[in-house]
Amino acid sequence: MTDAIDLSTANEFIARHIGPRDADVASMLELLGYASLEAMIDSVIPESIKGSSVLQMTAGLSEADALAKIKAIAAKNQQFTSYIGQGYHGTHTPAPILRNLLENPAWYTAYTPYQPEISQGRLEALLNFQTLIIDLTGLPIANASLLDEATAAAEAMTFCKRLSKNKASNAFFASQHCHPQTLDVLRTRAEPLGIEVVVGDERSIDDASAYFGALLQYPASNGDIFDYRELVERFHAVGALVAVAADLLALTLLTPPGEFGADVAIGSAQRFGVPLGFGGPHAAYFATREAFKRDMPGRLVGVSVDRFGKPALRLAMQTREQHIRREKATSNICTAQVLLANIASMYAVYHGPQGLTRIAKRVHQLTAILAQGLSQLGYGVEQANFFDTLSIASGAQTAALHAKARAAGINLREIDAERLGLSLDETTTPAAVSALWAVFADGQSLPDFDALAASVAARLPQGLLRQSAILAHPVFNRYHSETELMRYLRKLADKDLALDRSMIPLGSCTMKLNATSEMIPVTWAEFGNLHPFAPSEQSQGYRQLTDELEAMLCAATGYDGVSLQPNAGSQGEYAGLLAIRAYHRSRGEEQRDICLIPQSAHGTNPATASMAGMRVVVTACDSLGNVDIEDLRAKAVEHKERLAALMITYPSTHGVFEEGIREICQIVHDNGGQVYIDGANMNAMVGLCAPGQFGGDVSHLNLHKTFCIPHGGGGPGVGPIGVKAHLIPFLPGHDKMARKEGAVSAAPYGSASILPITWMYISMMGGEGLKRASQLAILNANYIARRLEEHYPVLYTGSNSLVAHECILDLRPLKETSGISVDDVAKRLIDFGFHAPTMSFPVAGTLMIEPTESESKEELDRFCDAMIAIREEIRAVERGEVPADGSPLKNAPHTAAELAGEWNHGYSREQAVYPLASLVEAKYWPPVGRVDNVFGDRNLVCACPSIEAYQEA
Ligand SMILES: *Cc1c(COP(=O)(O)O)cnc(C)c1O
């Protein structure tokens, strides 16, 4: 008899996503002393929450079937030519950037560059981004991206509040010429802080002293270009600060905000090569004056030196700000938009100053020609001066013109019943201008494009023409051929460790596989070419995608409703607390403003609570790392009248399934509060237990952790929130959605274009695969804990000596016995080709390891072998055989340059760089030695240093 051949399309994806093979699972279980996976999981999950998952155990689709299904969904999106503008513009992603960066796992699977020695490539790309922003805005310091233009504006508002000298005022002026979505987010963010946002016409401000700060838009949303010099002086005269939302392409031709006195410039870098993507993700930027640099939100790349005095990059002082300053942090931004910032920076590297200026001039000239032609056709263009945007008094024709445009596959901006708007962009062609005229012509003959092109003058305001040069640094002038750019991207990627080289065992960050099939739809034009404010009938594919994804996430979490709008975990936290706040208010309980937060919480939690206008009360943890239930009860009771919420991470940030979670939730509910469960650790729970079923009222998920969106080197992220039914009415809304609650992001669906990643993951895994992923994540973590515990004590476990999906190794005793610190171990791991685990969070002096289900047993063993070899090196120090300072641990990581130079260490070159024989065959060489953080913070340099600086070093 022959074996039967299975003729169904087999779903192999689950086994592709999950690292260990069946035999590996068996041997890992044996080491742990369990007869089956079920038995082990059964003893990890506490009795009280067992069986709370509501996920259906469906089978997943094969990769081919899932791709076919999402292709059909994508096909329901209609790709119109959008002239809607309003901060979102068509752009050409240069093909070498598309393939070698956006679609390249060396770039998209990288982690946030907290370990600078293995991140020099992406740090250089980010430094280029900062330099680009500094040059274009004319302000001396810029950060490495924020989440979107609207939230950047909100950050600017609170920044002005902190730094303004006009302390008497609580009012922020926002120009009516700002993009409407920016005004929406400003209002949302101002209200809980008691800031009054006054929207008005900046040309008729009576009393500037009424405001602590102002936001202006340049060019204005309607296309006007105002000279703000005098206005800025008026604000400055009363001690108020001025933020300007500026268009980067326009700034290549216009006087930059820094030169007309602005204190802050913010905006979007989307039109520098990043697809529209139905609203995101895109990088926002934030630039300010030198004097304010230490108050800047977000992350800042700075230049420092390494152990050899050579220039080396690293994240500057703000980086761990929330973890240090907690509720006093300046901002809750954690994950930002690194991948998108890098695309924008490479767009500028590729085009260079002349190329960017040429693009800007072309767009402007086409707009001028368009305007002239429209005038010939009898339409009044409202702007005397403009860059790329026009408002047209279309009167009674307005509705008919929109209809005609749509019939021609064109979207115009809907301003009001009598006016419409148009913004041209890099993708606009002469033929497209003629097609626009055809919409307006109504039987008249079309203007003669060539004749107008020969005669039309530029319409930029003479007094605001840019005089200063841009992008003089060599990096923007070297890589203009594709060969050069390709090699530059490769050179930078080669400096870095990402998931395409080795596991990244970051506790709390869930660096799992970002499968290729999940990534493929992201760069399809059907998802990339949609304007976020296009008429809803054009985005039916997205509608289906978001509806299905919301349902999937409800099933995975046990909640009743989901909002996909928040574009990072921090923003989800914010949206969740706002929902809680609005819920209390709807019941007449405005006074509820106390937020309990356990001491072990992630720094974004307290930072977010203060942004939501809540007062943070910290609760204790016991010696086992669990929430001290009695302390929590006492504080909940003490604040019974004012208790708004508890923010708690589950499983805990200590990597343990706390048994008291149901009781904890009950205590909070009994005292009138709502329970916010931080879902960053959802990877331990999907399919096993559900926060929405064991007491949570709201949770955020990090789709860039649990649900396979890659980290991108520090973003993009998506931080949707799930809520119980009573909170659904308080989910974030948007002017462009049926729900009108305040918006927390510029676009209705936040970072919509990366949602296909999670849709694909869940569709391919099915309920069965998702559950298995959680089980394997827990198995892998426990395997590592067991293999390493005799070398490094595991700090916390549950009552059965098991951890959840991550484990904390306690290195504090080693510091006592050997002088070797977590830092030394982290840096030594680089010599072994590994990214360090999470350092000193949530407990100083520890390493938190999260292997995820995607890592094979071979990789786990390779990592454990490295950790054990490092332990042996520490033992040699403990035994007094090697002085701590003379050990490879203190000098790590070792560079190739050091190896070739004079060797004066007490250990061999082999021990330095090939501590395990297996490394000879494939070695990662860090480009710099250990980076000096203190030097960099004292001598803050946040733009590309001159070539001479490198030569001197
Ligand atoms: C990652 C993380 C956050 C913040 O998420 P971002 O997407 O980085 O803003 C919040 N809480 C915990 C426990 C986390 O691990």
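Is Gln-86 buried or exposed in this structure? Gln-86 is buried, because its relative accessible area is 8%, where buried stands for under 20% relative accessible area, exposed for over 50% and partly exposed for what lies in between, computed with a 1.4 Å probe on protein chains only. The model is a predicted one, in which local features need pLDDT of at least 70 and side-chain atom pairs count only at pLDDT 80 or more, while totals for chains, interfaces and linings use all residues. Residues are numbered from 1 along each chain as its sequence is written, and side-chain values use heavy atoms, with hydrogens and water left out.

Gln-86 sits in the loop between β1 (81–82) and α5 (95–102), the helices (H or I, at least four residues) and strands (E, at least two) being DSSP runs numbered from the N terminus. Although Gln-86 is not a glycine, its phi is positive, at about 60 degrees. One residue that touches Gln-86 is His-179, which also meets Gly-87, Glu-149, Gln-217 and Ser-221 when residues up to four places away in sequence are not counted; contact here means heavy atoms within 4.5 Å. His-179 belongs to the loop between β3 (171–175) and α9 (180–190), and it counts as buried because its relative accessibility is 7%.

Ser-840 also has a positive phi, of about 55 degrees, without being a glycine. Its place is in the loop between β24 (838–839) and β25 (846–849), and Ser-840 counts as partly exposed because its relative accessibility is 25%. As background, most residues other than glycine have a negative phi, and most peptide bonds are trans. In this model the peptide bond from Gly-280 to Pro-281 is cis, with omega near 5 degrees, and Pro-281 is found in the loop between β7 (264–268) and β8 (284–288). Another cis peptide bond joins Tyr-650 and Pro-651, with omega about -20 degrees, and Pro-651 lies in the loop between β19 (643–649) and α24 (661–670).

Both Tyr-650 and Pro-651 are touched by Phe-657, whose other contacts include Val-44, Ile-45, Met-685 and Ile-778, not counting residues up to four places away in sequence. Phe-657 and Met-346 have the most contacts inside the largest nonpolar core, a set of 239 residues; such a core consists of buried Ala, Val, Leu, Ile, Met, Phe, Trp, Tyr and Cys residues joined through side-chain atoms within 4.5 Å. Helix α13 gives the most to this core, with 21 residues, and the core draws at least three residues from each of domain 1 (357–464) and domain 2 (521–763). These bounds come from an automatic or database domain assignment, and the centres of the two domains, taken over C-alpha atoms, are 43 Å apart.

The axes of α13 (residues 338–376) and α17 (residues 482–494) come within 10 Å and cross at roughly 145 degrees; axes are lines fitted to C-alpha atoms, for helices over the stretch in contact, and angles run from 0 to 180 degrees between N-to-C directions.
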